[in-house]
Amino acid sequence: MVDAVIAYKFLTSEATSPFTGFHWDLSDGGPGSWIEATVEPCRSGIHACRRDGLSLWLGRELYEVELDGHIVTEPTKLVASRARLLRRIDAWDDRLRDEYTRMCAERAHHLAVGTSPALHNWDAVVEPSIPEGPALLGFVAARIAEERGGRPAYLAERASQARWLVERLAL
C-alpha cells in the first residue's frame with residue numbers, strides 16, 4: 001500500500017476519459033468525488049501519469065488527480081484503486097497546446113534534416129501533422145529521434161518534451 005499520490009490525468013473538454021468514456025466530477029472547482037476501481041493495468045483501475053510522463057498522455061484538458069488505495073507503478077503510468085480530481089490545470093490551454101505542437105514540429109524538423117543523413121521522408125510528415133496537434137507531433141519527434149539513435153533516443157526526446165511541459169505548466 002502506498003500513501004496518497006498526486007498525479008496528472010488528461011481528459012476531454014467534457015472531463016471525460018478518452019479511453020473509457022468515464023465522466024469525472026470536479027465539484028465547483030474543488031476536489032471531486034472519490035471513485036474506485038479494481039486495479040489491473042491497461043484493463044481496469046484509475047490510470048494517471050507522473051510529471052515525467054506528461055508527454056506520453058497528452059489530451060485536451062489536464063487535471064491534477066489524487067490517487068489512493070492500491071497503487072501500481074508502471075514505467076509510463078500509475079494505476080490506482082481510488083482517485084479524485086483535485087483541480088484543472090488552466091495553464092494547459094489552446095495557446096500552450098499550440099506552442100508545444102510548434103516546439104515538437106521544430107524538433108522533428110531538426111532531427112529529420114538537421115543532421116546527416118537527412119531523413120526527408122520523416123520530414124515530409126511534420127507540417128501535415130501539425131493540425132492533429134500536440135500528441136501526434138510529440139510522437140513524430142520522438143520516432144525521428146528513435147530512427148537516429150534507437151530506443152534510448154526516443155526516451156530522451158520524450159523526457160525532454162516532459163521537462164518542457166513541466167516548466168511551462170509550473171508543476
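This is a predicted model: local features need pLDDT of at least 70, side-chain atom pairs count only at pLDDT 80 or more; totals for chains, interfaces and linings use all residues.
Helix 1 and helix 2 cross with a left-handed sense.

**How helix 1 and helix 2 meet**
- The two axes, of helix 1 and helix 2, come within 8 Å and cross at roughly 165 degrees.
- Angles over 145 degrees count as roughly antiparallel, so helix 1 is roughly antiparallel to helix 2.
- On the helix 1 side, the contact is made by Arg 102, Ala 105, Ala 108, His 109, Ala 112 and Val 113.
- Helix 2 contributes His 120, Trp 122, Asp 123, Val 126 and Glu 127 to this contact.

- Within helix 2, which spans residues 120-129, Asp 123, Val 126 and Ser 129 are buried.
- These three lie on the same side of helix 2, because they cover an arc of only 130 degrees around the axis.
- What do the buried residues of helix 2 pack against? Their partners are helix 1 (94-113) and helix 3 (134-169).
- Turned away from the buried side is a face with the exposed residues His 120, Asn 121, Ala 124 and Pro 128.

**The cysteines**
- You will find zero disulfides in this structure.
- Cys 42 is in no disulfide, and the nearest cysteine sulfur, that of Cys 49, is 14 Å away.
- Cys 49 is likewise in no disulfide.
- Are these cysteines buried or exposed? Cys 42 is exposed, with a relative accessible area of 61%, whereas Cys 49 is buried, at 1%.

Methods. Residues are numbered from 1 along each chain as its sequence is written. Side-chain values use heavy atoms; hydrogens and water are left out. Buried means under 20% relative accessible area, exposed over 50%, partly exposed in between (1.4 Å probe, protein chains only). Helices (H or I, at least four residues) and strands (E, at least two) are DSSP runs, numbered from the N terminus. The arc is that of the directions from the helix axis to the C-beta atoms. Contact means heavy atoms within 4.5 Å. A disulfide is a pair of cysteine sulfur atoms within 2.5 Å. Axes are lines fitted to C-alpha atoms, for helices over the stretch in contact, and angles run from 0 to 180 degrees between N-to-C directions. Angles under 35 degrees count as roughly parallel, over 145 as roughly antiparallel, 65 to 115 as roughly perpendicular and the rest as oblique. A crossing is left-handed if the near helix is turned anticlockwise from the far one by less than a right angle, and right-handed if clockwise.
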